Amino acid sequence: MGAGALGCLYGYMLQKEFNVIFVARGKQLKALKRGLKVTGIVEDFVRVNAVEKPMNADLTFVTVKSYDTENVAKELSKVDCGIVVSLQNGIGNEEILMKYLDRVLGGVATYASNLVDYGWIEFAGVGETFIGELNGVMSRDVIRVVDLLRSVGIKAYAVEDIVRRKWIKTVINSVINPITAILKIRNGEILKYKELWELALRVLNEGERVLRGIGLYEDLEGILKNVIYKTERNKSSMLQDVERGKRTEIDFINGAIVRKAEELGLEAPYNRALMLLIKSLERIISLK
C-alpha cells in the first residue's frame, strides 16, 4: 500500500515468490501498469499487478507518506487486509493504523531506494528490516512476516523493541532528512563539511535528550556516522519529496521530536528551526 520508492523495492523482491499487488495512484499507477524498472544494485524490468485501491490480502505493507496514514487506514478497513506492517518514516503511524485495524505491526527498514521516475526505482543500498509488536510481545504474526521476508532474501529480524528502534531511526532521520532537503545534497555531504557536521550533532543531541526523557539511553553519534557513510550516495526521502514538489514528512520526524520535547518540558530549538524551514520550503514550492 503505497508503491513509491520503498514500496516498489519491497514489492519487487517479494514478487519473486509471492503474488504481490502494488497499490498506487496517479502517474505512478499509470507507469506501473506498463511495468517496473529497477536499476542500481539490480538491473531489471518486471511486469507488476498495479491497482488504485487496496484488495484482500494475507499481508499488507504500508509504505505511504505518514500524512496519508489515516486515509489509508480507512481504506484498508474496508477490505480484509490481513497482517498490516508499517514500514513508514516517523512516529505515530502504527497508532493511527490501530484505530481502524486489528493486526498492526511496527517496522523499521534501512534499505535504500530512490524514485528515479514514475515506474522506475534505483535500488541504492542493502539494509535491514526489523519487525515487532508495539507492546514488545514476540507474536506469531511477527515471526510469520520475518520468515516471509527472509524467504526472498530480505534481511529481516523479529524484535521486541520496535518502538525503541523507530525512535532511533526518527532521530537519525531528523538530522539527515531536513539538512539534505534544504541544501539539496546527498547524504554523504554532511560528513564533508565541519559546519554541517556541527549542525548535525546539535540536532542529534536534542533527539538524544528526548530519548532519555522517555527512558531510552542511546549514544547515536557513531550510528549517525555509519548511516551517512553507508548511504552517502543516497538522496534522502525528504530531498526526493522536495525535488518533486511534494509535501514532506517533517511533522512526523522533527515535528514528533519537538512535540515530545514539549511534553517533557525540554527545548528543541534546532529541530524546531529545521521543521519551520522545511514547512516554509513546502509553501514556497506550492506557490511556484
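Let's start with Asn 234, which is buried in this predicted model. Its relative accessible area is 10%, and the cut-off for calling a residue buried is under 20%, so Asn 234 counts as buried.

What does Asn 234 touch, once you leave aside its neighbours within four places in sequence? Asn 234 is in contact with Ala 112, Asn 114, Ala 124, Arg 186 and Asn 187. Take a closer look at Asn 114 in that list: the side chains of Asn 234 and Asn 114 are joined by a polar contact of 3.1 Å.

Buried residues turn up again at helix H1, which covers residues 5-14. How many of the ten residues of H1 are buried? Ten of the ten are, so H1 is largely enclosed by the rest of the structure. If you'd like to click through them, they are Ala 5, Leu 6, Gly 7, Cys 8, Leu 9, Tyr 10, Gly 11, Tyr 12, Met 13 and Leu 14.

Now for how helices sit against each other. Two packed helices are described by the angle between their axes and the distance between the axes.

Which residues do the touching here? On the H6 side you'll find Trp 167, Ile 168, Val 171, Ile 172, Ser 174, Val 175, Ile 179 and Leu 183. The H7 side brings Leu 196, Leu 199, Ala 200, Val 203, Leu 204, Gly 207, Glu 208, Val 210 and Leu 211. Sort the residues of this contact between H6 and H7 by type and you get 14 nonpolar, two polar and one charged.

H7 also packs against helix H10 (residues 254-264), at an angle of about 50° and with the axes 10 Å apart. That angle makes H7 oblique to H10. The crossing of H7 and H10 is left-handed. From H7, the contact uses Val 203, Gly 207, Val 210 and Gly 213, while H10 supplies Asn 254, Ile 257, Lys 260, Ala 261 and Leu 264. The residues of the contact of H7 with H10 split into five nonpolar, three polar and one charged.

Note on methods. Residues are numbered from 1 along each chain as its sequence is written. This is a predicted model: local features need pLDDT of at least 70, side-chain atom pairs count only at pLDDT 80 or more; totals for chains, interfaces and linings use all residues. Side-chain values use heavy atoms; hydrogens and water are left out. Contact means heavy atoms within 4.5 Å. Helices (H or I, at least four residues) and strands (E, at least two) are DSSP runs, numbered from the N terminus. Ala, Val, Leu, Ile, Met, Phe, Trp, Tyr, Cys and Pro count as nonpolar, Asp, Glu, Lys and Arg as charged, and the others, Gly among them, as polar. Buried means under 20% relative accessible area, exposed over 50%, partly exposed in between (1.4 Å probe, protein chains only). A polar contact is a pair of N or O atoms within 3.5 Å; within protein, one must be able to donate a hydrogen and the other to accept it, and residues adjacent in sequence count only if both atoms are side-chain atoms. Axes are lines fitted to C-alpha atoms, for helices over the stretch in contact, and angles run from 0 to 180 degrees between N-to-C directions. Angles under 35 degrees count as roughly parallel, over 145 as roughly antiparallel, 65 to 115 as roughly perpendicular and the rest as oblique. A crossing is left-handed if the near helix is turned anticlockwise from the far one by less than a right angle, and right-handed if clockwise.
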